[in-house]
Amino acid sequence: ISESVTTVANSVARELDEHYAYDRALVVGNGVDENLLEPGPATSAEKYILFIGRLSYRKGLFNLLESAKTVCRRYDVRFMLEGKGEVEQKIRAIIEKEGLQDRVILMGHQSREELVKLYQRATIFVLPSHYEGLPTVLLEAMSCGLPVVATNVSGCPDVVSDGENGFLIPAKSPEMMVEAISRLLDDEALRNALGKNARKTIEEHNTWDRIAGKIEACYQTSLGFQ
């Protein structure tokens with residue numbers, strides 16, 4: 001029997017305890033390279049809202065498309081979706097049906113170098129997932145100083161404090177997604193403030209040095225050195 005188990009999020013620890021009555025799960029979080037993923041010199045002149053991840057049902061992309069219809073009517077903005085997956089053709093069909101071919105762009109997979117540029121030039125990062133662990137893309141976006149709109153599921157509230165470094169919204173709520181995105185598009189000062197706080201969150205809690213220190217402490221405790 002293991003002395004302890006590490007998890008990336010409080011929600012995962014609760015699931016372990018609920019399903020396996022395991023009360024020794026230690027939450028260490030997840031990390032990113034804050035030196036690679038740093039804020040760019042300035043956001044792009046063209047405003048765009050970024051999603052990065054697998055194009056799958058649990059990512060909430062149909063909710064995102066529903067919100068995109070309203071946002072694109074109100075604002076001169078595009079939605080950039082990076083990734084591939086099993087719902088790609090269904091997403092393409094909705095984009096065509098709604099006449100959003102020039103406003104919702106499916107980019108497929110991009111290189112790591114291009115991903116960093118996408119983060120750095122984006123206006124807002126959105127994660128509409130129905131379930132997550134602790135999503136790396138959320139940490140990466142925050143490390144690049146992006147204001148984020150994320151669903152209040154799984155590990156997202158471990159790193160996003162609503163109204164401080166991003167917005168948390170209920171899952172499957174495109175109307176509230178529209179409201180959060182609109183607030184950020186309407187208020188550049190708010191975008192900058194939340195993005196700055198998002199970067200600070202990563203620097204203080206989610207660099208690899210921080211995570212390595214937590215894991216080392218777990219080993220020390222399990223081996224009886226503390």
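**Predicted model: helices, loops and packing**

Colleague: What relative accessible area does K172 have, and is the residue buried or exposed?
Modeller: This is a predicted model, in which local features need pLDDT of at least 70 and side-chain atom pairs count only at pLDDT 80 or more, while totals for chains, interfaces and linings use all residues. Residues are numbered from 1 along each chain as its sequence is written, and side-chain values use heavy atoms, with hydrogens and water left out. Buried means under 20% relative accessible area, exposed over 50% and partly exposed in between, with a 1.4 Å probe and protein chains only. K172 is exposed, since its relative accessible area is 59%.

Colleague: What is the phi of K172?
Modeller: K172 sits in the loop between strand 8 and helix 7, where helices (H or I, at least four residues) and strands (E, at least two) are DSSP runs numbered from the N terminus. Most residues other than glycine have a negative phi. K172 is not a glycine, yet its phi is positive, at about 60°.

Colleague: Where does S154 lie, and what is its phi?
Modeller: S154 belongs to the loop between strand 7 (148–151) and helix 6, and it counts as buried because its relative accessibility is 15%. S154 is another residue other than glycine with a positive phi, here near 50°.

Colleague: What distance separates the end C-alpha atoms of helix 8?
Modeller: The expected span of a helix is 1.5 Å times one less than its number of residues. For the 18 residues of helix 8 (residues 188–205) this gives 26 Å, and the distance between the end C-alpha atoms agrees, at 26 Å.

Colleague: Within what arc do the buried residues of helix 8 fall?
Modeller: The buried residues of helix 8 are L190, R191, L194, G195, A198, R199, T201 and I202. They line one face of the helix, because down its axis they fall within a limited arc, taken from the directions from the helix axis to the C-beta atoms. On the other side, A189 and K196 are exposed.

Colleague: Which elements do the buried residues of helix 8 pack against?
Modeller: Contact means heavy atoms within 4.5 Å. By that criterion, the buried residues of helix 8 pack against strand 6 (124–127), helix 5 (136–143), helix 6 (156–159), strand 8 (166–169) and helix 7 (174–186).

Colleague: Which residue caps the N-terminal end of helix 8?
Modeller: A polar contact is a pair of N or O atoms within 3.5 Å; within protein, one must be able to donate a hydrogen and the other to accept it, and residues adjacent in sequence count only if both atoms are side-chain atoms. At the N-terminal end of helix 8, a side-chain oxygen lies 3.2 Å from the backbone nitrogen of A189, and the capping residue is D187.

Colleague: With which side chain does that of E88 make a polar contact?
Modeller: E88 is found in helix 3 (residues 88–97) and, at 10% relative accessibility, counts as buried. Beyond its neighbours within four places in sequence, E88 is in contact with L55 and L106. The polar contact, of 3.2 Å, joins the side chain of E88 to that of K84.

Colleague: How many residues does the globule rule use for this protein, and what is the radius of gyration?
Modeller: The protein has nine helices and eight strands. The radius of gyration is taken over C-alpha atoms, and the globule rule is 2.2 Å times the number of residues to the power 0.38. For 226 residues the rule gives 17 Å, so the protein is as compact as a globular protein of that length, with a radius of gyration of 18 Å.
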